[in-house]
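Here is a short note to read beside the model. Keep the 3D view open and find each element as it comes up.

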Amino acid sequence: MNGWRRKGDTIVAGFEQQEAAVLRGLVSQLEDMLTARAEEAPQDELAELTGIRMGPTESPDDPVLSRLLPDFHKLDPDNPTREDIDSAAAMRSIHEPELLDKKVGVAKIVLDTLPRDGGNVRLTFEQADAWLGALNDVRLALGTALDVTEDMPDELPEDDPRAPHLGVYHWLTWVQETLIQSLTS
């Protein structure tokens, strides 16, 4: 990939077959995780009648999902009150379905616009914004799985099982940065 570039009202990049396969695989896995979480939401007859969906009240146990779906109301870890706990549960139940829809939606846009065998990608500004969201989500997920921190070296020893994945994380960072640059130029 040579990086994103702006051509008039279009954002363009070319992906090699392997790059497209890696990105499609990561975005597909993320979409599957998010869709599974959405399907875990409680089914409520009143919600079906009114069209108001309610999500789960508990934070995800999975660290990756927990990073992608953070609490909407922070609790004081030293002194969580019943009121704060109830408020956090209510906020999650109300807002998580919308957040899941947004994240699954941007993943679908990437999968719809990225050719399976690689090749050129031409995006509208709206699609490019969706790509930014999906790339950010994939980087957050991968960074959480790899336990990426600010003081982590750019390269890990070859015998570290995270080493090849860290290279993908850095590549995704570059893809995201060039996309931002093309949108702001």
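**Notes on the fold**

1. Strand 2 is mostly covered, with five of its six residues buried. Buried means under 20% relative accessible area; exposed means over 50%, and partly exposed lies in between (1.4 Å probe, protein chains only). Strands here are DSSP runs of E with at least two residues, helices are runs of H or I with at least four, and both are numbered from the N terminus.

2. A word on the source. This is a predicted model, where local features need pLDDT of at least 70 and side-chain atom pairs count only at pLDDT 80 or more, while totals for chains, interfaces and linings use all residues. Residues are numbered from 1 along each chain as its sequence is written, and side-chain values use heavy atoms, with hydrogens and water left out.

3. Now the overall plan. The protein has six helices and three strands. Along the sequence they follow the pattern β-β-α-α-α-α-β-α-α. The C-alpha atoms fill a box of roughly 50 × 45 × 30 Å, taken along the principal axes. Of the 185 residues, 38% are buried. Take the contacts with a separation of 6 or more: residues 24 or more positions apart account for 68% of them. Contact means heavy atoms within 4.5 Å.

4. Two strands pair if DSSP finds at least two bridges between them. Strands of a sheet pair through backbone hydrogen bonds, either parallel or antiparallel.

5. Which residues face each other across the strands? Three bridges join strand 1 to strand 2, and Arg6 stands opposite Ile11 in strand 2. Ile11 also has a bridge partner in strand 3, namely Leu123. Strand 2 and strand 3 pair over five bridges. Ala13 stands opposite Val121 in strand 3.

6. Check the turn between strand 1 and strand 2. This hairpin has two residues between the strands, and Gly8 takes a positive phi near 65°.

7. Helix 1 (residues 17-39) has 23 residues. From first C-alpha to last it reaches 32 Å, close to the 33 Å expected at 1.5 Å a residue. The expected span is 1.5 Å times one less than the number of residues. Its buried residues include Leu23, Leu26, Val27, Leu30 and Leu34, and also Glu19 and Arg24. The buried residues of helix 1 pack against strand 2 (10-15), helix 3 (63-68), helix 4, helix 5 (125-146) and helix 6 (163-184).

8. Helix 4 (residues 82-113) has 32 residues, so it should span 46 Å at 1.5 Å a residue; its end C-alpha atoms are 46 Å apart, which agrees. Helix 4 also bends by about 40° at His95, and Pro97 follows within four residues. The bend is the angle between axes fitted to the seven residues ending there and the seven starting there.

9. Ser93 is in helix 4. Is Ser93 buried or exposed? Ser93 is buried, because its relative accessible area is 7%. Ser93 touches Arg53, Met54, Gly55, Pro56 and Thr57, not counting residues up to four places away in sequence.

10. Finish with the aromatic rings. The whole structure holds three aromatic pairs. Rings of Phe, Tyr and Trp (its six-membered ring) pair if their centres lie within 6.5 Å; planes under 30 degrees apart count as stacked, over 60 as edge-to-face and the rest as tilted. Trp4 and Phe15 pair edge-to-face, 5.8 Å centre to centre, with 70° between the planes. Trp4 lies in the segment before strand 1 and Phe15 in strand 2, so the pair ties together parts eleven residues apart in sequence. Both Trp4 and Phe15 are buried.

11. Trp4 and Trp131 also pair edge-to-face, at 5.1 Å centre to centre and 80° between the planes. This pair links distant parts of the chain: Trp131 is in helix 5, 127 residues from Trp4. Trp131 counts as buried because its relative accessibility is 0%. Ring pairs link Trp4, Phe15 and Trp131 into a cluster.
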